[in-house]
Amino acid sequence: MTVARRGGCTVSDAEDCAQQTWLSLYRRRHAVQNPLSLPAWLIRTTHRKALTLHREESRQNDQSPDERPLPQLPDEVVISLQNAVALQIALGRLDPRCRKLL
């Protein structure tokens, strides 16, 4: 999510971006030839998706200035953090080979 946040995404957009990146990896899992190149691929893909989301959001804000997104509520922040922790725990429970691949 850090890569997406650096790309200008909000917390919720960064979560969407991360989810889209993992989905892309899952869809292309059979094409992975070198697992060692996955971290660079994940960063590059996340960055590109973040830029795309940021551009789309900017375009929407330009078209409808009265409908700016509301700031996240504290409950939403807590839920986002809980989801991030749950994901980390789930990844930690994976077989070491699967974890290394991801």
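L87 is partly exposed, at 43% relative accessible area. Keep in mind that this is a predicted model. Where does L87 sit? In helix α4, which covers residues 74-92.

Together with W22 and L102, L87 makes up a nonpolar patch on the surface. The accessible area of the three residues together is about 250 Å².

Stay on helix α4 for a moment. N83 lies in that helix too. Is N83 buried, partly exposed or exposed? Its relative accessibility is 49%, so N83 counts as partly exposed; exposed would need over 50%. Now look at N83 and E15. In sequence, 68 residues separate them. In space, their C-alpha atoms are 9.6 Å apart.

Let me zoom out. How many helices and strands does the protein have? There are 5 helices and 0 strands. Read along the sequence, the pattern is α-α-α-α-α. The protein has 102 residues, and 19% of them are buried.

Next, the cysteines. How many disulfides do we count? The count is 0. Take C9: this residue is in no disulfide, and the nearest cysteine sulfur belongs to C17, 5.2 Å away. The cut-off here is 2.5 Å between the two sulfur atoms.

Are these cysteines buried or exposed? C9 has 4% relative accessibility, so C9 counts as buried. C17 has a relative accessible area of 0%, so C17 is buried as well. Buried means under 20%, and both values meet that.

Now the rings. How many aromatic pairs are there? The count comes to 0. There is a charge over a ring, though. Which ring does the charged end of R29 sit over? The ring of Y26, with the charged end 4.0 Å from the ring centre. The distance limit for this contact is 6 Å, so 4.0 Å is within it.

To recap. The predicted model has 5 helices and 0 strands. W22, L87 and L102 form the nonpolar surface patch. R29 has its charged end over the ring of Y26.

Definitions and conventions. Residues numbered from 1 in each chain as written. Predicted model: local features only at pLDDT ≥ 70, side-chain atom pairs only at ≥ 80, totals over all residues. Heavy atoms only, no water. Phe/Tyr/Trp six-rings, centres within 6.5 Å; stacked < 30°, edge-to-face > 60°. Lys NZ or Arg CZ within 6 Å of the ring centre and 35° of its normal. Buried < 20%, exposed > 50% of the residue type's maximum accessible area, 1.4 Å probe, protein only. Patch = residues over 30% accessible without salt bridge, like charges linked within 9 Å, V, L, I, M, F, W, Y side chains within 5 Å. Areas by Shrake-Rupley, 256 points an atom, 1.4 Å probe, with all protein chains shown as cover. Salt bridge = Lys/Arg side-chain N within 4 Å of Asp/Glu carboxyl O. Helix = DSSP H or I, 4+ residues; strand = E, 2+ residues; numbered from the N terminus.
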